[in-house]
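Q: Could you walk me through one part of this protein in some detail? I'd like to hear about the packing inside, and then whatever sits around it.

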Amino acid sequence: MNLSVFESFNNGQLCLPNKTISFTDIEWSKHPVFEGVELKHIVTSKETDGEYSYHLVRIAPNKSILDHIHETQLETHEVIAGEGICINDGCKLVYKPGVISIMPSKIHHEVHASETGLYMFAKFFPALC
């Protein structure tokens, strides 16, 4: 599995006209509910006036983000590395690098990493945090 693109973002930066934020300075956060899931909040509502947020997500091998919805946010997934399955509104989608999926608000979805783990961007409109 090639993690080079994921690591480029993990060690990347947000470049704004008046400042640069290094992603290496942002801690990984354990998901408050799902074991084996970690998030790095790389663009938050603070930088976007609440309009959107970007998060690096890593799901450990054979771990899952179980069925849930977001009441107010549209969510997108962009798979960077690894493999897995997403159940999006009842449809089974194969997740592999290059796949993008969209979950409108109030739509049930879940993600299951394979034995290689799963690495992706999750983006929320409006911002999750």
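A: Let's start with a term: a nonpolar core is a set of buried Ala, Val, Leu, Ile, Met, Phe, Trp, Tyr and Cys residues joined through side-chain atoms within 4.5 Å. Buried here means under 20% relative accessible area, exposed means over 50%, and partly exposed is in between (1.4 Å probe, protein chains only). Bear in mind that this is a predicted model, where local features need pLDDT of at least 70 and side-chain atom pairs count only at pLDDT 80 or more, while totals for chains, interfaces and linings use all residues. Residues are numbered from 1 along each chain as its sequence is written, and side-chain values use heavy atoms, with hydrogens and water left out.

Now the packing itself. The largest nonpolar core has 16 residues, and Val57, Ile59, Tyr95, Val111, Leu118 and Met120 are the ones with the most contacts inside it. Strands S4, S5, S7 and S10 each supply at least two residues of this core, with S10 giving the most, six residues. Helices (H or I, at least four residues) and strands (E, at least two) are DSSP runs, numbered from the N terminus.

Take Ile59 as a way in. Contact means heavy atoms within 4.5 Å. Leaving aside neighbours within four places in sequence, Ile59 is in contact with Gly36, Val37, Ser64, Ile65, Val111, Ala113, Gly117, Leu118 and Met120. There is also a second, separate core of 12 residues, and Leu14, Ile26, Leu56 and Tyr119 are among them.

Next, the open space. A pocket is found on a 1 Å grid over the protein atoms alone: a cavity is a set of points where a 1.4 Å probe fits but cannot get out, whereas a pocket is an open set with protein on both sides within 12 Å along at least five of seven lines, and lining residues have an atom within 4 Å of a point. The largest pocket has a volume of about 270 Å³, a volume being the space filled by probe spheres set on the points, with grid points joined across faces, edges and corners. Its lining has 19 residues, and His31, Leu39, His70, Phe124 and Leu128 lie nearest the centre. Strands S4 (37-43), S6 (64-68), S7 (74-88) and S10 (109-125) are the elements that give two or more residues to that lining. S10 gives the most here too, with five residues. By type, the lining divides into 12 nonpolar, six polar and one charged; Ala, Val, Leu, Ile, Met, Phe, Trp, Tyr, Cys and Pro count as nonpolar, Asp, Glu, Lys and Arg as charged, and the others, Gly among them, as polar.

Then there are the charged pairs. A salt bridge is a side-chain nitrogen of Lys or Arg within 4 Å of a carboxyl oxygen of Asp or Glu, and by this rule the count comes to three. In one of them, the side chains of Lys63 and Glu35 meet at 3.4 Å, N to O. Lys63 lies in the loop between strand S5 (53-59) and S6, and Glu35 in the loop between strand S3 (29-30) and S4, so this pair ties together parts that are 28 residues apart in sequence. Lys63 is partly exposed at 29% relative accessible area, whereas Glu35 is exposed at 61%.

Arg58 and Glu38 form another salt bridge, at 2.8 Å, N to O. That pair links distant parts of the chain, with Arg58 in S5 and Glu38 in S4, 20 residues apart. Arg58 is partly exposed at 24%, and Glu38 is partly exposed at 24%.

The remaining bridge joins Lys123 and Glu78, at 2.8 Å, N to O. Lys123 lies in S10 and Glu78 in S7, so the pair ties together parts that are 45 residues apart in sequence. Lys123 counts as buried at 10% relative accessibility, while Glu78 is partly exposed at 23%.

A last stop on S10 is Ser114, which sits in that strand. Ser114 is buried, with a relative accessible area of 15%. Beyond neighbours within four places in sequence, Ser114 is in contact with Pro61, Asn62, Glu83 and Gly84. Of these, Asn62 is found in the loop between S5 and S6. Its phi is near 60°, a positive value in a residue other than glycine, and at 54% relative accessibility Asn62 counts as exposed. In the segment after S10 you'll find Pro126, joined to Phe125 by a cis peptide bond with omega about -5°.
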